[in-house]
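Welcome, and please take a moment with the sequence and the model before reading on.

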Amino acid sequence: MGDDWRALNLANWEARVPLHLSPEGYDLASFDDPQYLSGVVRYDLPRLDSIADLDVVHLQCHIGTDTVSLARLGPRSVTGLDFSPSAIAAGIALAVRAGAAVRFVECDVYEAVTALGVGCCDLVYTGIGAICWLPDIRRWAEVVAALLRPGGRLFMREGHPMLDTLSDTRDDGLLVVQYPYFETSGTTFSEEGTYGGPGTVAAPEGVSFNHGLGEVFGALTAAGLTVTAAIMKDSLRRCSSAGGPARDPSAPPHPRAGRRPLQLSSRRISAVCWPTLGAGRVGPSRRPSTTSGWRT
Ligand SMILES: C[S@@+](CC[C@H](N)C(=O)[O-])C[C@H]1O[C@@H](n2cnc3c(N)ncnc32)[C@H](O)[C@@H]1O
């Protein structure tokens, strides 16, 4: 597929941002309360530990709600990175509105080391529908490892990759594996709705990439990191879905959120939602090589 995935996904995310900024989209007004934290960061707090005095990089920060929330936890610095110019502009506007000191960088994840520098941070924070947009999980892990100083850590939370394999809405109520579990060259989709607000996404096509658990943890360890915690939760959080319950912006979105989870809700679980995977902390056990072994 070459780099077509990037152009498609960038157009798709550019088209989602205005919908997420609408009054019925992400809850931005709550940030006027200086104590307010996004639901995502509030949920992660018990496992995140103190980030005071850390330099934090938030990969795929989207419109900055979690990035600004991290800034409110008192780190030394916070940098949000995303490849969507509209998302970065929205993040800057939110930080100004919230009075938060956040640096936002418009950049592809795979170029993050060039943009931010080797060993630029103590904590990489990411997740909630992030790695499913990246075609090569090993290359992503190498980026994470290169960004971290010795002793730094990665904190990520994602949906379980098995959910990404399941068939979209079926009328027989069965859970059917339809999409790849292991990393492939991608699954194309067209979805006119978005998890984060009403309206039609003007560029509905995109490409998502599943990564199996072994691939994710294998990539991290191959990049020189040590997995120090991996938590799989059976708790489930609501996310938006066509015809589903009210949107909760703290819930992990899904690239095909409007279609598949409805069946899950009726069969296995009590709400339209995602389980939480891997609130894992990872720290380098040795300095990773910075660029060698990157797959381009
Ligand atoms: C589902 S959002 C992340 C959600 C975020 N946790 C939130 O709700 O605020 C995924 C983000 O990844 C970004 N993204 C996708 N592919 C990217 C890439 N290759 N490099 C940088 N950002 C990317 C998109 O622009 C989007 O903002």
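The report below goes from the ligand shell to individual helices and then to some residue pairs.

This is a predicted model, in which local features need pLDDT of at least 70, side-chain atom pairs count only at pLDDT 80 or more, and totals for chains, interfaces and linings use all residues. Residues are numbered from 1 along each chain as its sequence is written.

**Around the ligand**

Let us start with the ligand, which has 18 residues around it; Trp 13, Gln 60, His 62, Phe 83 and Gly 129 come nearest. A residue is near a molecule if its C-beta atom, placed from the backbone, lies within 6 Å of it. Two or more residues of this shell are given by each of α1 (4-20) and α3 (65-71). Helices (H or I, at least four residues) and strands (E, at least two) are DSSP runs, numbered from the N terminus.

You will find His 62 in the loop between β1 (55-59) and α3. His 62 is buried, with 25 other C-beta atoms within 10 Å. A residue is buried if 20 or more other C-beta atoms lie within 10 Å of its own, exposed if 12 or fewer, and partly exposed in between, with C-beta atoms placed from the backbone.

Ile 128 is another residue other than glycine with a positive phi, near 55 degrees. Its place is in the loop between β4 (121-127) and α6 (137-147), and Ile 128 is buried, with 25 other C-beta atoms within 10 Å.

**Helices and their buried faces**

In helix α7 (residues 213-222), the buried residues are Val 216, Ala 219 and Leu 220. Viewed down the axis of α7, they fall within an arc of 95 degrees, so they line one face of the helix. The arc is that of the directions from the helix axis to the C-beta atoms. Just after α7, Gly 224 takes a positive phi of about 100 degrees.

Helix α7 also packs with α6 at an angle of about 40 degrees, their axes 8 Å apart. That makes α6 oblique to α7. Axes are lines fitted to C-alpha atoms, for helices over the stretch in contact, and angles run from 0 to 180 degrees between N-to-C directions. Angles under 35 degrees count as roughly parallel, over 145 as roughly antiparallel, 65 to 115 as roughly perpendicular and the rest as oblique.

Helix α2 (residues 39-48) has Val 40, Val 41, Tyr 43 and Asp 44 as its buried residues. Around the axis they cover an arc of only 160 degrees, which puts them on the same side of α2. Just after α2, Asp 49 takes a positive phi of about 65 degrees.

**Residue pairs along the chain**

| Pair | Separation along the chain | C-alpha separation |
|---|---|---|
| Leu 166 and Gln 178 | twelve residues | 5.5 Å |
| Ala 146 and Ala 112 | 34 residues | 9.3 Å |
| Ala 112 and Leu 59 | 53 residues | 8.5 Å |

Leu 166 lies in the loop between β5 (148-158) and β6 (187-190), and with 18 C-beta neighbours inside 10 Å it counts as partly exposed. Ala 146 belongs to helix α6 and counts as buried, with 24 C-beta neighbours inside 10 Å. Ala 112 is in helix α5 (residues 112-116); with 24 C-beta neighbours inside 10 Å, Ala 112 counts as buried.
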